[in-house]
Amino acid sequence: MSIKIGKKTYAERIQAGIDNAFMRQAVSSAQGRFRSGRLKAAEDLGDWEEWRTRGEEIRSHTMENLDYYLHQLSEQVEKRGGTVYFAKTAEEANQYVQKIAREKEAKKVVKSKSMVTEEIGLNEALEESGCEVVESDLGEWILQLDEDPPSHIVTPALHKNKEQIRETFAEKKGYTGSDQPEALAAFAREQLRQDFLSADIGVTGCNFAVAESGAVTLVTNEGNARMVTSLPDTHISVMGMERIVPTWEELEVVVSLLTRAAVGQKLTSYITALTGTRLESEVDGPEDFHLVIVDNGRSKILGTEFQSALHCIRCAACINACPVYRHVGGHSYGSIYPGPIGAVLTPLLDGYEDHKDLPYASTLCAACTEACPVKIPLHEHLIRHREIIVERENMGSKAEGVMMKGYAKWASTSAAYKLSTKMAHTALKPWTEDDYISNGPGPLKGWTDSRDFPAPARQSFRSWYKQREKRRNDG
Amino acid sequence: MTIHHRESFLNNIADQLGRPRRTEVEPPEYSVQPQDRVLAGATADELVDVLDKQCEVIHTNLEKATVETLPEVLRTVLEGYDVRSIAAAAGPRNEVSGLDEFYNRLTGEGYEVHVWDEHEGRHNVEFAERAGAGIVFSDLTLAESGTVTLFNDRFNGRSISLLPETFIAIVPKRTIVPRMTQAGRLIHAEESKGNPVSSCVSFVTGPSNSADIEMNLIVGVHGPVKATYIVVEDM
Ligand code: SF4
């Protein structure tokens, strides 16, 4: 699975979501419960607005100095016996993990829930190299048995009822018990315990890495992440490059924000901070630890007006607050990141081409922005996306004068400019000759039919224009 | 080589941010400190009360004891759970609390007690896997959230608090602090002094649970199903 789910069009997915009565009901009651849990937890904590401010300050400071903190993190992990791999793309990350699996002759990999491994399609990559991959989160396990995509970041199997789950267990695993949630969970506990004990590699995501000490922190309730990192001899943690805080003092704040905003708990049952490999005198924990830090399009967002989208701590509060999500359900977004944050992030990571309907999946009521524990102006980002899409769609059809004006405006806002193509500058290379695009992909296509267009470099409109003149004269 | 592709990766980030690589960063000054006000000035007894209340929320049973009554209290807890096999953390605190003697007595009565022993390697984990209860000492206890902090080490293996169905934490009263803020601060201070944090810090809050099936809370999934904290007044 990659960031994009399925091949259906946006309209088809929405219709399917609306037609699924159980899903709609489940989503709406889940939203209500998550939302009231969040509000209650916020109230309990007191000074919620100040906490949000603190959260925002932490996230923006970290993002502004991301290179520094990632450097520090990698030094610390190395000191503690771990290996760090910086992966520019999903493919690089997957290939590295495949390489480790090969070296270890791994047959079985147990995982705890992680968005970034879904984003890069790690399960498929591992299966290709002959590993059995077991998702150990209860909800993820259910989906895996059923080969179904997740519909919610926090409770991925939200769209399934217990009778469906009982059937899945019976069909795939020979379960003979009732559809009582406790009985279903006990069965999963017993089945998965064997997997934890026999796995060669444990794979986790990373909620927050701590730069000062090299710790990777996992926030869970079920205890499976602790299993995954305590029992197999090798632990691989895959983190989105933005999931980092400077010190343990910041960690404490963002964890408090995450657990309260996500599930309304003061803390979840397990907050586990793992640093490097186990020590010589220790018996459990991995003897081999790898941290894979993934860019996969994130760096393109840095330095743009969308930078704060990288502040996201994946709490799903915006999703639970969203009236559109309530109506259409998680699958309609066609992305592993649903809801308002998905509508903001998906086009940034995967390009506008396949996702240009997403920014319209919002009423711009701003409930998301209000819910966000790190104050990301989500609805403003959605408005900006729409403007960019409109500007781009108009491009091909208007007279040249208008086009030039449009371009000047478009290119002067660096986000629109940098994000206007599916890939970053370097990825554009195959289409460039002497840094001129003669037949570029996507939005530039209309332009390149009639003229040479500069490769998106940091070149001002004026200097491009000058060069173009020169080229014309030379040519 | 243990760090791969770092330079190009980080150079690109600096580029995108439109500035040269940063090799030094001043710690930020934050405009607000809401975390310091939570339970500020609470006395030790007040913190115990907060912990007690929170334990109800997290499906955890809380008992109180003194060093003298601890064995008795622990025995009642074990009998209540009908547990006959115990994986226990090692270390000097067993002596201080008198638990080592108590464990000997239990063994004499036919209980199976295994105190973590690094020299026995994987056997520790195997025992924990079939033990009915795991007993550990809290290193730092967070009143607000009802959280037991474990600095896992050679005395306190990760499996003890994870694999058995019942989780029992001995909570010395003086380990109780208002909230996670104090834990973060302490670890940060130690790191700054050059004392590296333990390879695994586990913040454990009650038994494991899940809401993945129709949003119903299920207590007890992969980790422990039941939990008891015993606050020891004079430890
Ligand atoms: S955008 Fe904000 S509210 Fe939405 S998931 Fe991210 S942190 Fe949570």
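The secondary structure of chain A comprises 22 helices and 13 strands, where helices (H or I, at least four residues) and strands (E, at least two) are DSSP runs numbered from the N terminus. The structure is a predicted model, in which local features need pLDDT of at least 70 and side-chain atom pairs count only at pLDDT 80 or more, while totals for chains, interfaces and linings use all residues. Residues are numbered from 1 along each chain as its sequence is written, chains are lettered from A and ligands numbered from 1 in the order in which they are written, and side-chain values use heavy atoms, with hydrogens and water left out.

Of the 475 residues in chain A, 62% are buried; buried means under 20% relative accessible area, exposed over 50%, and partly exposed in between (1.4 Å probe, protein chains only). Chain A exposes about 16,800 Å², of which carbon and sulfur atoms supply 48%. Accessible areas come from the Shrake-Rupley method with a 1.4 Å probe, and for residues only the protein chains shown count as cover. Among the contacts in chain A with a separation of 6 or more, 74% are made by residues 24 or more positions apart, a contact being heavy atoms within 4.5 Å.

On the surface, A:Glu124, A:Glu127, A:Glu128 and A:Glu132 gather in a patch of negative charge. Patches are made of residues with over 30% relative accessible area and no salt bridge, like charges being joined within 9 Å and nonpolar side chains (Val, Leu, Ile, Met, Phe, Trp, Tyr) within 5 Å. Lys and Arg count as positive and Asp and Glu as negative, whereas His and the chain ends are not counted; the place of a charge is taken as NZ of Lys, CZ of Arg, CG of Asp or CD of Glu. Helix 7 (residues 122–128) of chain A contributes the largest share of the negative patch, 3 residues. A:Glu128 lies in this helix 7 and is exposed, with a relative accessible area of 69%.

Over all chains, the count comes to 36 salt bridges, each defined as a side-chain nitrogen of Lys or Arg within 4 Å of a carboxyl oxygen of Asp or Glu. In one of them, the side chains of A:Arg278 and A:Asp233 meet at 3.7 Å, N to O. A:Arg278 lies in the loop between strand 9 (270–275) and strand 10 (288–294), and A:Asp233 in the loop between helix 11 (224–230) and strand 7 (234–240), so the pair ties together parts of chain A that are 45 residues apart in sequence. A:Arg278 is partly exposed at 21% relative accessible area, as is A:Asp233 at 34%.

A:Glu387 forms a salt bridge with A:Arg384, with the closest N and O atoms 2.5 Å apart. These two residues are separated by about one helical turn because they stand 3 residues apart in helix 17 (residues 378–395) of chain A. A:Glu387 is partly exposed at 37% relative accessibility, whereas A:Arg384 is buried at 11%.

In chain B, B:Glu7 and B:Arg21 meet in a salt bridge (3.0 Å, N to O). B:Glu7 lies in helix 1 and B:Arg21 in the loop between helix 1 and helix 2, so the pair ties together parts that are 14 residues apart in sequence. Both residues belong to a network of salt bridges that links A:Glu75, B:Arg6, B:Glu7 and B:Arg21.

Positive phi values occur at B:Leu39, near 55°, and at B:His59, about 55°. B:Leu39 is placed in the loop between helix 1 (6–16) and helix 2 (44–57) of chain B, and B:His59 in the loop between helix 2 and strand 2 (61–65).
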